[in-house]
Amino acid sequence: MSKSKKSPTVKPATLERGEARYFHGRVKILDNFKELLGRAKAGNSGTSVLIQAAPGAGKTALLHECARLARAQRWQTAKINPDGLFDPAELSKSLRLPLPAKRQETKMGGNVKVLHQESTSEHHPPTTLDILKSGRKPLLLLLDEAQTTAAVIPRSNHEQFTNALKFVKTIHNGEVERPVILIAAGLGATAAAFDSLGISRFDPECRINLEPLSEGARQAVIQDWLLEEGGAKGDPASWINAIVRETHGWPQHIMAYVWPALKQLELTDGELTPEGLKTVLKEGQKGRIRFYEARTRGIPEEQLHCIARVIAGVPSDTSVAKIDLMASLRLDHDRDTAEKIFTLALHKGILDERKNRYVVPIPSMHDWLVDNFARIPEPLFPPPEPQH
Ligand SMILES: Nc1ncnc2c1ncn2[C@@H]1O[C@H](COP(=O)(O)OP(=O)(O)O)[C@@H](O)[C@H]1O
Ligand SMILES: [Mg+2]
């Protein structure tokens, strides 16, 4: 287990998102990453790593773990936003460097006119790639919510678009002349966003799809929270097993049960009572449903029904090829609309990619979607019975 440094007495504002206080599992991924850090340093190079998964799978928590490993090996680490790929000021801020010289602008008669450019190299202000090349220390860049990258990089601004492209490609190909690794973590649409920047091929261990936590890791996470944080007295096995059964190894779900568990333990001064467990299971289930509702928010109702009907035709926890999903969507929609609905489901985390196939990432989310949206709604005003 790795434990973050925060004091265990301070409760975080939210338990369902972000850095894990008791991180477990993802062992192979972290071993591979450690090796990558070593290779990049030895070879004075680097590459980019893609972590793709639905919301709540543990992308942000994993980024924090990677950063911790890198810092332990004396790497500099920096969180960046998609703008930092093309905007020198944004990147400088993330790297805690002084702001680069800027274009000097003045307003003349309402028009913005570029007067001159202050230059640090010849006549051009530095690009993001220049900034990256100006350092020597091994650097790990962490780009979270990376599915937004394609929307943020302005295609209409040729210069910015080219700068973003050069920045990402140079890192991806290990050509910064400095050890640099970029980890991009995001929802199922992240690979497509990088594809649009010309990055489609990752080394196998650098293209990661996060799946549910292993059995051992799920138990270890719950045990740590109950014992270390909740001060549970006695054997927590019955609580752990009951929570594990409800959460399908989905980190967000685990945390949705941990919070009410901590509250119960506070009330009973650490006693693990059967009534307490009942309350925990009830509250945790509400947390799970809140999470599913958040996934469907903003999807037009008709499209949501359509997605749910397609999902209803696939057993839960079973992945299908895109071509089969599209064939079902095409029964009611033209190709463009079907493609839009598919992308929306990926963006919202209703679908998750697993080795080029697609699955509703949590079995209980599959069932909830089918129960709530797959039925054809009864008409509000049914036609009158025919009179004889
Ligand atoms: N491997 C793990 N061990 C323990 N807790 C985890 C792990 N992965 C995620 N979590 C916790 O689960 C919750 C959801 O994880 P998060 O990283 O926010 O998911 P995502 O970024 O994919 O939406 C957070 O509270 C996080 O701390
Ligand atoms: Mg996150």
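Start at ligand 1: its shell draws at least three residues from domain 1 (26–96 + 131–209) and at least three from domain 2 (215–295). These domain bounds come from an automatic or database domain assignment. This is a predicted model, in which local features need pLDDT of at least 70, side-chain atom pairs count only at pLDDT 80 or more, and totals for chains, interfaces and linings use all residues. Residues are numbered from 1 along each chain as its sequence is written, while chains are lettered from A and ligands numbered from 1 in the order in which they are written.

**The ligand shell**

Select the 24 residues around ligand 1. A residue is near a molecule or strand if its C-beta atom, placed from the backbone, lies within 6 Å of it. Ala20, Gly58, Lys59, Thr60 and Pro251 come nearest. Next, show β2 (22–23), α2 (59–72) and α10 (251–267); each gives the shell at least two residues. Helices (H or I, at least four residues) and strands (E, at least two) are DSSP runs, numbered from the N terminus. Colour the shell by residue class: 12 are nonpolar, 7 polar and 5 charged. Here Ala, Val, Leu, Ile, Met, Phe, Trp, Tyr, Cys and Pro count as nonpolar, Asp, Glu, Lys and Arg as charged, and the others, Gly among them, as polar.

**The sheet**

Now select the open sheet of 5 strands, in the order β4-β7-β8-β3-β9, with parallel pairing. Two strands pair if DSSP finds at least two bridges between them. β4 (76–80) and β9 (207–209) are the edges; each has a single partner strand, so one side of each lacks a neighbour in the sheet.

Zoom in on β7 (residues 139–143) and β8 (residues 180–186), parallel strands joined by 5 bridges. Leu141 has Leu182 in β8 as its bridge partner.

**Confidence**

Finally, colour by pLDDT, the predictor's confidence in each residue, from 0 to 100. The protein chain averages 89, and 89% of the residues score at least 70. Then find residues 103–121, where pLDDT is below 50.

Technical notes:
Contact = placed C-beta atoms within 7 Å.
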